[in-house]
Amino acid sequence: MNKRIKGEFEEIIYKGEKTPFSLGTLVVVCLCLLLLIVVTFTQLNLTHYWPLGLDDTIFGFGTKNYMYIPQIPVVLFIAAILGARFGSLVIILYLLIGFFMWPVFALGGGLGYIKSYFFGYILGYFFAIVFASRVLYYDKFSIKSMLYASLIGVLSIHFCGILYTAILGMFHLVNFGFIIEALSTLSGDKVIYDIVFSFIFIALSIPVKGVLWLMMKNYSRPKRDARTTQEARQMRRLEREKAQG
C-alpha cells in the first residue's frame, strides 16, 4: 500500500520533464500573460547603497533611489516555468493584445508601436526565453545554469533593444540624440538590476513550478490495469521456471 501511494506521489512530482500540452498548461499560459501585463505597469522604488564616487560619500558609496520595472525578470520567470514553446506563446499573445486589443505595452499600443524604440526589447523576449530555457533545462536548474540563464537572457534582450533602436535611427524614425538618452535609461544601470532580479525570479520559479506542475501535468495517459500487471508478472515467473527446468 505504501509503495503504491509512494509511486503515485512520485508520478505527479516535477522531475525536469518538458512542459506538456494540456488544459492546465494553457491556464498557466494565461496566468503568465496576466502577470506580464500587470508587471509592465508596476514600478519598484529601490533605495540602496551604490558607488557614486562623490567626495561627500563614505568610501565612495552613497544612497541611490531607482524606479525599477521588473518586466525582464518576469520574462525569464516565464521561461523557467513554461519553457521555450509555451513561453514564446505568452509573448505572442502579449503582442497580439497590444497590437489589436488594448495598449498593454509600456508606451501604449497599436501597430504603430513597431516604430517605438522599446519594441526591440519586446522582440528580444523571444530570444531570452529560448536561450534561457535551454540553459535551465539542460543543467536542471543548478545555480550555475540559473546564473548563465540570467546573463544570457538579460543581455540578449538589451542587445536586441539597442540594435533595433539603432536601426530606427538609421532610417531617421528616431532622433539620434533621443536614442542616446533612451539607451542610457533602458540599458545603463538597469542591466545590473535586470541580472540580479532575473536570478532571484528564476530561483523563485523552482517551488512555483513544483506547485503549478500539478496543473500542467498531462494525466490523460491510461494507467495500467492491476489485473494486467499481475498477469504479466505470472507470465514472467512461468518463463523463468521453464528456463530453470
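The model is predicted. The protein has eight helices and two strands, and 41% of its 245 residues are buried. Its mean pLDDT is 81.

**Overall layout**

- Read from the N terminus, the order of the elements is α-α-β-β-α-α-α-α-α-α.
- Among contacts in the protein with a separation of 6 or more, 75% join residues 24 or more positions apart.

**Confidence in the model**

- A pLDDT of 70 or more is reached by 73% of the residues.
- Helix α3, residues 71-100, has the highest mean pLDDT among the elements, at 95.
- Helix α1, residues 2-11, has the lowest mean pLDDT among the elements, at 51.
- Over residues 222-226 the pLDDT stays under 50. For these residues the model has one contact beyond four places in sequence.
- Where pLDDT is low, the predicted coordinates should not be read in detail.

**Packing of α2 with α3**

- The axes of α2 and α3 are 8 Å apart, and the two helices pack at an angle of about 85°.
- An angle of 65 to 115 degrees counts as roughly perpendicular, and α2 and α3 are therefore roughly perpendicular to each other.
- The contact of α2 with α3 has 21 nonpolar residues, three polar residues and no charged residues.

**Packing of α3 with α7**

- The axes of α3 and α7 cross at roughly 30° and come within 7 Å.
- The crossing of α3 and α7 is right-handed.
- On the α3 side, the residues that meet α7 are I72, P73, V74, L76, F77, A80, I81 and L82.
- On the α7 side, they are K190, D194, F197, S198, F201, I202, L204, S205, V208, K209, L212 and M216.
- By class, the contact of α3 with α7 has 15 nonpolar, two polar and three charged residues.

**Packing of α5 with α7**

- Helix α5 covers residues 143-170 and helix α7 covers residues 190-216. Their axes are 9 Å apart, and the packing angle is about 135°.
- Angles from 65 to 115 degrees count as roughly perpendicular and those over 145 as roughly antiparallel.
- α5 and α7 cross in a right-handed way.
- From α5, the contact is made by I143, M146, L147, A149, S150, L151, V154, L155 and H158.
- From α7, the contact is made by V191, D194, I195, S198, F199, I202, A203 and I206.
- The residues in the contact of α5 with α7 are 13 nonpolar, three polar and one charged.
- D194, S198 and I202 of α7 are among the residues that contact α5, and they are also among those that meet α3.

**Residue C32**

- C32 lies in helix α2, which spans residues 23-40.
- Buried means under 20% relative accessible area; C32 has a relative accessibility of 5%, so it counts as buried.
- Beyond its neighbours within four places in sequence, C32 is in contact with I78, L82 and V90.
- C32 and I81 are 49 residues apart in sequence, and their C-alpha atoms are 8.9 Å apart.

**Residue F141**

- F141 is in the loop between α4, residues 119-138, and α5.
- F141 is not a glycine, and its phi is positive, near 60°. Most residues other than glycine have a negative phi.
- With a relative accessibility of 16%, F141 counts as buried.

**Residue I114**

- I114 is in the loop between α3 and α4.
- The relative accessible area of I114 is 37%, so this residue is partly exposed.
- Leaving aside neighbours within four places in sequence, I114 contacts F99, F119, Y164 and L168.
- Along the chain I114 and L168 are 54 residues apart, while 9.8 Å separates their C-alpha atoms.

**Residue L214**

- L214 is in helix α7.
- The relative accessibility of L214 is 44%, so it counts as partly exposed.
- L214 and T25 are 189 residues apart along the chain, with their C-alpha atoms separated by 9.9 Å.

Methods:
Residues are numbered from 1 along each chain as its sequence is written. This is a predicted model: local features need pLDDT of at least 70, side-chain atom pairs count only at pLDDT 80 or more; totals for chains, interfaces and linings use all residues. Side-chain values use heavy atoms; hydrogens and water are left out. Axes are lines fitted to C-alpha atoms, for helices over the stretch in contact, and angles run from 0 to 180 degrees between N-to-C directions. Helices (H or I, at least four residues) and strands (E, at least two) are DSSP runs, numbered from the N terminus. A crossing is left-handed if the near helix is turned anticlockwise from the far one by less than a right angle, and right-handed if clockwise. Contact means heavy atoms within 4.5 Å. Ala, Val, Leu, Ile, Met, Phe, Trp, Tyr, Cys and Pro count as nonpolar, Asp, Glu, Lys and Arg as charged, and the others, Gly among them, as polar. pLDDT is the predictor's confidence in each residue, from 0 to 100. Buried means under 20% relative accessible area, exposed over 50%, partly exposed in between (1.4 Å probe, protein chains only). Angles under 35 degrees count as roughly parallel, over 145 as roughly antiparallel, 65 to 115 as roughly perpendicular and the rest as oblique.
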